[in-house]
Amino acid sequence: MTENMRVITRRDFIRGVATAAFAAAVGFPIEAQSAEKRARVVLIRDAGVLDSEGKINISVFGRMLDQAVAKLLGKPDAASAWKSIVKPSDFVGIKTNVWNRFPTPPEVNEILMKRVIAAGVSEDRVFCDDRGSRDKFEQATALINVRPARAHTMAGMGGCIKNYIILSGNPASYHEDACADLAKVWNLPIVKGKTRLNILLLLNPLFYCKGPQAYDPRYVWPYKGLAVSLDPVAVDSVAAHILRAKRIAFFGEDKPITPTKHIAIADERYNLGVADLNRIELIRLGWRKDALI
């Protein structure tokens, strides 16, 4: 195991952020559910990806994305990695998030389109959208799931699991019990088995909010990172840990927010992925300052 590669231990999770009881309360499983079920997440950060005004340096971001994807898939370079994600015969949907306060940045969408096309998919067989073209998502054979990570009043966190809720056609039906059954969306024909890559943007995450559709710039910080995984549950679990650690660092206490129980339930009830941090291989690349994990 290299310096940049480690599995988050139980001690890591408990130390400095929570008691085990609280971990259970917010939805993280306490005991490993199976020895063989594991996941990999690559977390990469670069201090130069945002300028002093929060504008993305697209060159730096592109390099981060390529390094992370190649590392995730164990490929020697980004080009071969992307060619293993999509094939020329695919019809590729890049599922973004257009919430007006905190959308997937257009620069990110543009880079992803370029990477898919460079991998051999013709321009007329790739699209980038959130809620405007349900028909296209139904026709898609491959999906790339990308959005910013943010605190969320109903679900605790908006991450990769939640990003498909709009494709259900009835998002409100998944809001009950802190959006506990969000993973059920992933079994719908419009998305089931199609996701090739999950990208959770941690460039400037929203770590706290109060009230529906809440956004407060005081609770955004330049983390300057992104996380990629084949597993939407694992990447959300890592991000939820980071956002929670930031709340503790910012407020000096474990500030209450809606429990992210949908992450653990996605693992335990729907077998969508791995939520237990003990079973997530976290590979960290780049800038380490104040990583919070």
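## Two helices crossing

Helix axes here are lines fitted to C-alpha atoms over the stretch in contact, with angles between N-to-C directions running from 0 to 180 degrees. This is a predicted model, where local features need pLDDT of at least 70 and side-chain atom pairs count only at pLDDT 80 or more, while totals for chains, interfaces and linings use all residues. Residues are numbered from 1 along each chain as its sequence is written, and side-chain values use heavy atoms, leaving out hydrogens and water.

Let's begin with helices H3 (residues 58-73) and H5, whose axes come within 11 Å and cross at roughly 50°. That angle makes H3 oblique to H5. (Under 35 degrees counts as roughly parallel, over 145 as roughly antiparallel, 65 to 115 as roughly perpendicular, and the rest as oblique.) The crossing of H3 past H5 is right-handed, a label used when the near helix is turned clockwise from the far one by less than a right angle, with anticlockwise being left-handed. As for the names, helices (H or I, at least four residues) and strands (E, at least two) are DSSP runs numbered from the N terminus.

Which residues meet where H3 and H5 come together? From H3 there are Ile58, Phe61, Gly62, Leu65 and Asp66, and on the H5 side Glu107, Val108, Ile111, Leu112 and Arg115. Contact means heavy atoms within 4.5 Å.

## A look at arginine 115

Arginine 115 sits in helix H5, which spans residues 106-118. Leaving aside residues up to four places away in sequence, arginine 115 touches Gly62, Asp66 and Trp82. With aspartate 66 there is also a side-chain polar contact of 2.8 Å. (A polar contact is a pair of N or O atoms within 3.5 Å; within protein, one must be able to donate a hydrogen and the other to accept it, and residues adjacent in sequence count only if both atoms are side-chain atoms.)

## Salt bridges

How many salt bridges are there? The count is 14, taking a salt bridge as a side-chain nitrogen of Lys or Arg within 4 Å of a carboxyl oxygen of Asp or Glu. One of them joins glutamate 281 and arginine 40 at 2.9 Å, N to O. Glutamate 281 belongs to strand E9 (residues 280-286) and arginine 40 to strand E2 (residues 39-45), so this pair ties together parts 241 residues apart in sequence. Glutamate 281 is buried at 17% relative accessibility, while arginine 40 is partly exposed at 29%. (Buried means under 20% relative accessible area, exposed over 50%, and partly exposed in between, using a 1.4 Å probe and protein chains only.)

Arginine 269 and aspartate 181 form another salt bridge, at 2.6 Å, N to O. Arginine 269 is in the loop between helix H9 (261-268) and E9, and aspartate 181 is in the loop between helix H7 (176-179) and strand E7 (195-206), so here the linked parts are 88 residues apart in sequence. Arginine 269 is exposed at 52%; aspartate 181 is partly exposed at 23%. Glutamate 138 and arginine 134 also pair up, at 3.6 Å, N to O. They are four residues apart in helix H6 (residues 134-139), about one helical turn. And Lys37, Asp267, Asp276 and Arg279 are linked in a salt-bridge network.

Glycine 120 is in the loop between H5 and strand E4 (126-129), and is partly exposed at 38% relative accessibility. Glycine 120 and lysine 87 are 33 residues apart in sequence, with their C-alpha atoms 6.7 Å apart in space.
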